[in-house]
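Okay, everyone, thanks for coming. Let me put the thing on the screen and then walk you through a few side chains.

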Amino acid sequence: MYARRQGGQELTFDFASGLVDNNLLIVDRETESVWSQLAGQSIGGPMEGTPLESIPTMQTTWKFWRGKHPDTRVMVLEREGRRYVYQDFEPGTRRSSEGDHDVSTVGLGLALGNDSRFFPLRELEGAKAPLSLDVDGQSVTIHFDAEGLTAWATDASGELLMTVLAYESGWLTFFPDSQVWTR
Amino acid sequence: MNSARLPKIPLLVLLLAIVAGPAAAQDGQERTVRARVQPRPGAPVEMMEMQVHEVPVNPESVAAAAADLEDTEIVLGVMIDGLPMAYPIRYLAAVEVVNDVVGDTSLAPTW
């Protein structure tokens, strides 16, 4: 998730039918610049090279999010895409029913300064959570919740850090020097 | 050359592109932008007229109690100035990105 304000200008994004590094592209209406979703910066047009400000998010189940934030609001659109329901989620296995896609290599990606890490969910599941470690000189805690099908990271004061749940191959395309964490 | 087998790979790639791709094509206005991009997953980058599909601005939201979601479906959650907001992937998957405002922050969740 990105902030839309960029250098005093508010951008409005649309979806583009093209990819770079097999990743989604978006285009802003104001300058028609092309932006990479995972890289978080413009890769073409007048704003090429400009980074977007990331906003930390949690990707988790509705039950888990609602339990943490009972006063949450929820976006509703008329149009629906495919539903992603991980009823039988098990890290390290491939789902076979609705929302079928290979989750065996999904994990939490974290990049601070020049230090990037990837934490496969299948490894976090068997680890004693939360994990405390040092990333780019900062104390970071990695959390995992099996029922919420999620992982997230907080800093020393408990604030949510910018992370993304991604496929390992996708993360390593953008952060090839990333350390992949194992138990 | 086995002409019976050759079409299989492009067809599979095409199907993958349809599954992974632009559900948003039916939504709003379309325009094109010229850019060096891949036309489909796994393809090499080429200069092309890329289709751009308009997505929602300031979408509707409801309270948790009014949300018709399954417990186990995936949402993207964010907390802005103490205001929690959830973006169900079932909707983001249809449009890939939306333009929203939470509190005083204009933001764009993507999928």
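**Charged pairs between and within chains**

So, start with B:Arg31 and A:Glu32: their side chains meet in a salt bridge, 3.0 Å from N to O. By salt bridge I mean a side-chain nitrogen of Lys or Arg within 4 Å of a carboxyl oxygen of Asp or Glu. B:Arg31 sits in strand 1 of chain B and A:Glu32 in a loop between strands 5 and 6 of chain A, so this pair joins two chains. Helices (H or I, at least four residues) and strands (E, at least two) are DSSP runs, numbered from the N terminus.

Ground rules: this is a predicted model, where local features need pLDDT of at least 70, side-chain atom pairs count only at pLDDT 80 or more, and totals for chains, interfaces and linings use all residues. Residues are numbered from 1 along each chain as written, chains are lettered from A and ligands numbered from 1 in written order, and side-chain values use heavy atoms, leaving out hydrogens and water.

Now, A:Glu32 is partly exposed at 30% relative accessibility; buried is under 20% relative accessible area, exposed over 50%, partly exposed in between, with a 1.4 Å probe and protein chains only.

Next, B:Glu73 and B:Arg90 form a salt bridge, with the closest N and O atoms 2.6 Å apart. That one links distant parts of the chain, 17 residues apart, from a loop to helix 2 of chain B. Buried or exposed, B:Glu73? Buried, at 1%, and B:Arg90 is buried too, at 4%.
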